[in-house]
2 protein chains.
Amino acid sequence: MSKQITEKIRVFALGGVGEIGKNMYGVEVDEDIIIIDAGLMFPDDDMLGVDIVIPDVSYLTEQIERVKGIVLTHGHEDHIGGLSYVLKKVNVPVYGTKLTLGLVEEKLKEAGILRSVKLKTIDAKSRIKIGSTPVSFFRTSHSIPDCVGICIETSQGSIVHTGDFKFDQTPVDGKQADIGKMANIGHKGVLCLLSDSTNAERPGTTKSESEVGVGITDVFRKTEGRLIVTSFASNVHRIHQIIEATAKANRKLAIVGKSMLRVISIATRLGYLEPPKDLIIDLDEVNKYKPEQLVILTTGSQGEPMSALTRMAKGAHRQITINAYDTVIIAASAIPGNEKSVSAVIDKLHRIGAEVVYGSSKVHASGHGSQEELKLMLNLMRPKYFLPIHGEVRMQHAHRNLGIGVGIPDENIFVVEKGEVIEFTNKQARRASKVPSGNVLIDGLGVGDVGNIVLRDRRLLSKDGILVVVVTLNKKTGTIESGPNIISRGFVYVRESEQLLEDANELVTNILKKCMTEKVSEWSSLKSNVREGLSRHLYEKTKRRPMILPIIMEV
Amino acid sequence: MSKQITEKIRVFALGGVGEIGKNMYGVEVDEDIIIIDAGLMFPDDDMLGVDIVIPDVSYLTEQIERVKGIVLTHGHEDHIGGLSYVLKKVNVPVYGTKLTLGLVEEKLKEAGILRSVKLKTIDAKSRIKIGSTPVSFFRTSHSIPDCVGICIETSQGSIVHTGDFKFDQTPVDGKQADIGKMANIGHKGVLCLLSDSTNAERPGTTKSESEVGVGITDVFRKTEGRLIVTSFASNVHRIHQIIEATAKANRKLAIVGKSMLRVISIATRLGYLEPPKDLIIDLDEVNKYKPEQLVILTTGSQGEPMSALTRMAKGAHRQITINAYDTVIIAASAIPGNEKSVSAVIDKLHRIGAEVVYGSSKVHASGHGSQEELKLMLNLMRPKYFLPIHGEVRMQHAHRNLGIGVGIPDENIFVVEKGEVIEFTNKQARRASKVPSGNVLIDGLGVGDVGNIVLRDRRLLSKDGILVVVVTLNKKTGTIESGPNIISRGFVYVRESEQLLEDANELVTNILKKCMTEKVSEWSSLKSNVREGLSRHLYEKTKRRPMILPIIMEV
């Protein structure tokens, strides 16, 4: 083997591959570890009761002295939402643009760790050192301002991470992606490109965010009654356009929803939103205006049951109730998994008789580039190696095919899973052994105390409920002192199933009597006899398998 | 008011409006009630543990002597899947085409009621009397052969139900929709049209099923290794084309999955499928052939966790394990709500390294007509009144807008919910009072014994689990005899939460002691004190709200 003349570079994902969400990538240059993003993910349907999911960072805590910093690409939750949890374990400097850090500050304040964290503002022109490695940036366009791609400069070439991007030729803030700089980075030599795969399955080019502005303005112009608009709070460009459309329509804007208020206040304070004076009114003031003078901007675009929009539709919101004269614009698309709940809120609005404007055609555009844009990025960067990231496996594979299409050899493209490490020496890549990775589930205040066993129990409970069997035995006399009492929850209607439960009772009595006659005295055997006998009986009678919890006491 | 010179007609839906699934409609002509379809629906995410959902037919059981028959439009589950449950309560003659009744027979046999039910075969040319009302039919095209629309002839004009339809100009079986007959029915006068709203939001025309055949044949031709194809078992036209493509490719076809085997055997027996001799091989024979000689046709197009395809992908299927040399064609689209599970199976196949062909473009077409076809149906039937049916509320509303577009006055279009009755006298419609309607949930063998309370409990249990608190009190001495013992399931990892549970234990002890000092002796008060105190404490410590089940015994 040839002698190693260059540094050893290792690239891996702790989250964001094989899934949509919780983006977190690691780049090691010899001893230094640089982290890119620290996002959260919303739980899958089978993670019952879980609030959010963050990456497992145990590899970083093991290597804590090597971790030199966390660089952020932009301020969306799937890139910054895990930060406050991660920093509690790995407190290193955080680098990000002004708006990104503005949003981060708020999170750290809530978590009570703002003072102990070093936040370092960068912009697209910055060139900094993290550890001993130079890191530079390039401006990209997405659905929030102040996005950057990251270029980690090594002697083998650059490691480039695109962040989330599309090539928006008419961005809302007029700041186009810096294609020249990207070409320049490509020209100097990119060893490895990590690029956003979200829309790798979509042919063509993603619509410009500005076209959505035209669509929204158009609906505003045609609408005579009150307007209610919902979008992602984090889509600052969209909010920008809703503000402009409101001003053009000579209406006032009232804002509903904690996250919407928070993002707008931060973005306004930092100069990313400049709502005209007196345009935004307090929610308590809406009654001073006629419906045709109002726009209500609210959270709830995903049909979340407790969101402001859903409550307005159900008549359960304190200030606003949607009626048949309202027009509701859903300026967002359903995130995979949310289709049913979005559909349910649209149906609810239709039932009320409100006019509903939805569907991506006019009032929504994706923030992620489609196939032509992904190929453009690949052609600008001309990387030797390519890692499709930020997407489910099928999106990564679709992106791989695009890479092959523009001439990258298949063997230089790595579709990686979480924890897989690609190691570079002398400009040659190879798969190295994995680092620990996984999901950390957050439920309430508990971080990581919900795992497979707890989830398995929740799943069992959710399917057929539970039966608790309480009985007191007198082992000396070999008799049942009291019980068995059977209490069920989530199994059957008790009133309509008296016979079933009486039979169950008798069965348990017989099982226990038999056990005692046969001198079975181990607690665990008694319990498993009850559990198995009762389970079999109930399955025969009902084809259900409730969890059975025998509680046997002794006097 | 003018004297009633005509019969009283009432039209209502017991299922199929405001939802996708469990289609069931009622048409009353004076004293006779004619039922159209009796479908099932798969449960929503919040119907935990429920297997299937059928319409509440209590209105029909109340009026049982008036119900004269059930007419079926076609053999899909959302139109015939509830039949065996309904017939147990309302045993009336069932009318359907040959294939439809072939599929029904199988269901009734399974339910053990085949002998007691009168099945009457009709075809598109039939004109029958149900009760004293003439009923005729017209041929439509959809994704299964032998579909009909239904025309109930009254002195006020016809009540027409389209069934599921598209206008497929090149249907797989060569049997086009009978547009002439539809025009004729329209010409004679349609009082009220009930028409399929599924694709009312989609502009244009739905692709012909035959084009899918071309797409599938194309993939077959290009593929060198083994082919695995999945589709809905009930999509007989699709299966037809897969059989033809297999023959053209000189491969053998092995069939996997109970429902796939059942549908193919019925359709073949009745002459709707005519697989070439020796084309279909037994699954146990696959090892006699090389991969490039095989097509495996399987269930599992919705990514169901226990389906054959998912098991093949996980290596958990007895005969077939998918490998990196296989090509998998998913010739179906995800039903709303199934996006995540379909996506998961595609990801699993990609991880294996298999070639995956999916996405509706080439290998799938909808069975339901788009906007242009829905307008064509409206223009053929030229109904005085129009009920958009078969769809969620937003689809019904989109269909309403199409109706307005072709000139039906808005006030003659009724977007109805389940149970709403539209009553016609002297060719005038009005909304009448509702009939009972709703969901009957089927869980295992239980029909209707799972309702709101049981589901609420399952939801609570699924979110944060359960804590059972067992304690024995001596009321005479006012002391705790034994316990409290706290057992938790689905709440926290017990090993990592010892302190939390110990504290909970102490808290319950204190609550009970206090109760006894204060002479609180009502069981219910004791229990609610424990429940509330413990719940508050756990919420403070964990921000979770497990179900708490206090079991207090007395010696």
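A:Ala249 is partly exposed, at 27% relative accessibility; partly exposed means between the buried limit, under 20% relative accessible area, and the exposed limit, over 50% (1.4 Å probe, protein chains only). A:Ala249 sits in the loop that joins helix H7 (236-248) to strand S14 (252-256) of chain A. Between A:Ala249 and A:Glu292 there are 9.5 Å in space, C-alpha to C-alpha, and 43 residues in sequence.

This is a predicted model, where local features need pLDDT of at least 70, side-chain atom pairs count only at pLDDT 80 or more, and totals for chains, interfaces and linings use all residues. Residues are numbered from 1 along each chain as its sequence is written, chains are lettered from A and ligands numbered from 1 in the order in which they are written, and side-chain values use heavy atoms, with hydrogens and water left out.

**Chain A as a whole**

- Chain A contains 16 helices and 26 strands. Helices (H or I, at least four residues) and strands (E, at least two) are DSSP runs, numbered from the N terminus.
- Along the principal axes, the C-alpha atoms of chain A fill a box of roughly 90 × 80 × 45 Å.
- Of the 555 residues in chain A, 59% are buried.
- Among the chain A contacts with a separation of 6 or more, 71% join residues 24 or more positions apart. A contact means heavy atoms within 4.5 Å.
- Chain A carries 72 positive and 67 negative side chains. The centres of these two sets lie 1 Å apart. Lys and Arg count as positive and Asp and Glu as negative, while His and the chain ends are not counted. Each charge is placed at NZ of Lys, CZ of Arg, CG of Asp or CD of Glu.

**Domains of chain A**

- The assignment gives domain 1 (9-204 + 366-435), domain 2 (209-361) and domain 3 (452-554). Such bounds come from an automatic or database domain assignment.
- The centres of domain 2 of chain A and domain 3 of chain A, taken over C-alpha atoms, are 52 Å apart.

**How the two chains relate**

- A:Tyr358 has contacts in both chains: leaving aside neighbours within four places in sequence, they are A:Ile330, A:Ile346, A:His350, B:Glu201 and B:Arg394. A:Tyr358 lies in the loop between strand S18 (355-357) and helix H11 (360-363) of chain A. At 24% relative accessibility, A:Tyr358 is partly exposed.

**Buried loop residues**

- B:Ser197 has a relative accessible area of 0% and is buried. Its loop runs between strand S12 (190-196) and helix H6 (209-222) of chain B. Beyond four places in sequence, B:Ser197 touches residues including B:Pro388, B:His390 and B:His399.
- B:His74 is also buried, at 0% relative accessibility. B:His74 is in the loop between strand S5 (67-71) and helix H2 (77-80) of chain B. Beyond four places in sequence, the residues B:His74 touches include B:Asp37, B:His142, B:Cys147 and B:Asp164.
- A:Glu420 is buried, with a relative accessible area of 17%. Beyond four places in sequence, A:Glu420 touches A:Val11, A:Phe12, A:Ala13, A:Val415, A:Arg431 and A:Lys434.

- A:Asn426 has a positive phi near 50° and is not a glycine. A:Asn426 is in the loop between strand S20 (421-425) and strand S21 (428-432) of chain A. Its relative accessible area of 22% makes A:Asn426 partly exposed.
- B:Asp278, likewise not a glycine, has a positive phi of about 70°. B:Asp278 is in the loop between helix H8 (258-269) and strand S15 (280-281) of chain B.
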